[in-house]
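Please consult the points below alongside the sequence and the structure.

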Amino acid sequence: KNRNIYYQKQLANQITNQMNDLKSLLTSSLNIYLNIGQSILINTSQVFMSLETKANEFLSNKFPQNLNNNSKISIRSIMEPLAPYDNTTYTNLSRLVTFSILDENENEISIQTNMSHPIEIIIPRDPNIIIPPMILQNVTSMNYTPHNQLFDLHYLNITSSLSISIHFEFQPLNLSLAYLFIYKFDQLPQLNSSINTIDGWTLFCPLNLTNETLYTYFINNQQTSDHQSMIYGLRELNSTEMVNTCSNTSISSLPITDQRFNFTSNYQLRIYTSGCYYLDKNNQWKSDGLTVGPLTNHYETQCFSTHLTSFASGFVILPESINWNYVFANADFMKNKTIYLTVICVSVIYIVLIIYARFKDKKDLEKLGVTPLPDNHRSDQYFYQIIVFTGQRQNAGTNSNVHFIIYGDNDETHIRTLADSQRKILQRG
């Protein structure tokens with residue numbers, strides 16, 4: 001398997017190099033006919049390419065350190081229908097977008113900026129992508145179960161080799177309600193009158209609803225970097241809290257309560273992740289120097305970059321997260337008799353088997369080792385080892401007393417007995 005993967009990567013790198021040579025040849029051919037200010041487009045079902053020639057002054061104000069020695073530059077944009085797939089980045093739904101700035105000799109100019117003045121890139125996805133429906137959260141049923149939870153808590157696994165952003169979409173069934181959203185990375189968020197251990201929060205008020213009647217929240221990849229999980233919570237605000245918070249344009253403090261949550265209406269939820277990636281010199285996806293922008297949606301990713309190269313985006317719609325409130329509220333024995341009894345029975349059987357296996361291990365140890373004969377003398381000068389095989393067949397062992405005599409060229413022993421006072425010998429096996 002690893003050998004096949006190696007040769008597949010070698011072939012992919014070879015194809016990539018051939019494509020780069022073809023792009024360079026095509027650029028050289030087109031540049032012959034382009035004057036400053038002119039451009040040309042190639043738009044086919046397989047590739048989109050734009051080549052535009054500009055005077056040096058067009059970008060010299062933004063990147064003076066790279067363009068001063070060139071009277072003209074060429075700006076090349078290429079979009080391919082599918083990006084190289086990687087099971088850690090999920091780029092299979094993304095277009096591959098490549099940007100280059102070339103000098104007079106058609107050598108690529110290295111462009112470097114910083115995150116305070118980044119380069120914005122919009123990477124479209126496959127237009128045939130199917131977005132699954134939102135998942136209904138039946139939170140009103142929790143009102144009748146005993147619990148002390150202040151928020152409807154959910155767990156998300158965000159482990160990824162490259163950084164990802166998280167996008168939340170809430171759709172209340174009652175559009176006149178408001179909510180408080182909190183979250184914390186790698187730990188349980190706590191927010192009450194005495195504890196405030198959260199990494200972020202926001203208020204969802206009816207005025208913030210989108211045209212699709214959604215509340216949206218975005219956490220970029222810089223915030224999720226180096227984290228493996230996130231627990232977020234949602235609480236419906238009561239009428240007093242809603243008046244005090246949603247009517248106030250400048251909110252400096254959170255609406256804090258010590259009362260358990262009480263939802264009067266259910267809501268629907270969808271969560272997806274996105275990422276911005278570029279191909280390095282080894283054709284491996286990397287994410288350093290890239291930030292996912294807030295305008296990212298189902299069909300395209302907004303990326304901010306500090307350099308120019310080939311880019312793609314990742315996109316994954318997450319499955320329904322674990323609802324810890326439901327788990328805690330329905331974990332009593334009377335509601336889960338079958339589950340608890342099954343776990344108890346399996347645990348008892350496992351413990352019994354462990355004890356039995358340990359007993360048999362001790363018996364096996366008794367079968368091993370050398371047996372000194374009881375009639376040995378300390379003054380004996382010579383020692384001999386006798387190995388007896390009994391076999392694995394049924395009745396291969398014996399309970400009889402076995403005697404033997406050892407004969408030599410010059411002498412013989414008296415009758416000796418195979419015996420061991422500490423264990424049973426000559427057993428089967």
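Two strands count as paired if DSSP finds at least two bridges between them. With that in mind, Val292 stands opposite Cys303, a residue of strand S18. The model under discussion is a predicted one.

1. Overall form. The C-alpha trace of the chain spans about 115 × 70 × 40 Å along its principal axes. The radius of gyration of the chain is 37 Å, whereas a compact globule of 429 residues would have a value near 22 Å. Of the 429 residues in the chain, 38% are buried. The secondary structure comprises seven helices and 22 strands.

2. Domains. The chain is divided into domain 1 (1-31), domain 2 (135-330), domain 3 (332-368) and domain 4 (370-428). Between the C-alpha centres of domain 2 and domain 4 the separation is 77 Å.

3. The annotated segment. An unreviewed UniProt entry carries the annotation "transmembrane region" for residues 339-359. In the model, what is the secondary structure of residues 339-359? The span is 100% helix and 0% strand, and its end C-alpha atoms lie 30 Å apart.

4. The three-stranded sheet. An open sheet has the strand order S5-S18-S17, and its pairing is antiparallel. Strand S5 (119-124) and strand S17 (290-292) are the edge strands, each pairing on one side only. From one strand to the next, the twist averages 30°. Strand S17 is joined to strand S18 (residues 300-305) by three bridges, and the two run antiparallel.

5. Strands S2, S3 and S4. Strand S2 (residues 48-55) is connected to strand S3 by eight bridges, in an antiparallel arrangement. Within strand S3, Ser77 is the residue opposite Ser50. Strand S3 also pairs with strand S4 (residues 96-102), in the antiparallel sense and over seven bridges. Here Glu80 has Leu96 of strand S4 as its bridge partner. Why is strand S3 described as largely enclosed by the rest of the structure? Seven of the nine residues of strand S3 (residues 72-80) are buried, so the strand is largely enclosed.

6. Strands S9 and S12. Five bridges pair strand S9 with strand S12 in the antiparallel sense. Strand S12 is largely enclosed by the rest of the structure, because four of its five residues are buried.

7. An aromatic pair. The structure holds 19 aromatic pairs. One of them joins Phe181 and Phe204: the ring centres are 5.9 Å apart and the planes meet at 40°, so the pair is classed as tilted. The class follows because planes under 30 degrees apart would count as stacked and those over 60 as edge-to-face. Phe181 belongs to strand S9 (residues 179-185) and Phe204 to strand S12 (residues 200-204), so the contact ties together parts that are 23 residues apart in sequence.

8. Are Phe181 and Phe204 buried or exposed? Phe181 is buried, with a relative accessible area of 0%. Phe204 also counts as buried, at 3% relative accessibility. Both assignments hold because a residue is called buried when its relative accessible area is under 20%.

Notes
Residues are numbered from 1 along each chain as its sequence is written. This is a predicted model: local features need pLDDT of at least 70, side-chain atom pairs count only at pLDDT 80 or more; totals for chains, interfaces and linings use all residues. Side-chain values use heavy atoms; hydrogens and water are left out. Domain bounds come from an automatic or database domain assignment. UniProt positions are given in the numbering used here, feature names are shortened, and annotations may be inferred rather than shown by experiment. Rings of Phe, Tyr and Trp (its six-membered ring) pair if their centres lie within 6.5 Å; planes under 30 degrees apart count as stacked, over 60 as edge-to-face and the rest as tilted. Buried means under 20% relative accessible area, exposed over 50%, partly exposed in between (1.4 Å probe, protein chains only). Axes are lines fitted to C-alpha atoms, for helices over the stretch in contact, and angles run from 0 to 180 degrees between N-to-C directions. The radius of gyration is taken over C-alpha atoms; the globule rule is 2.2 Å times the number of residues to the power 0.38.
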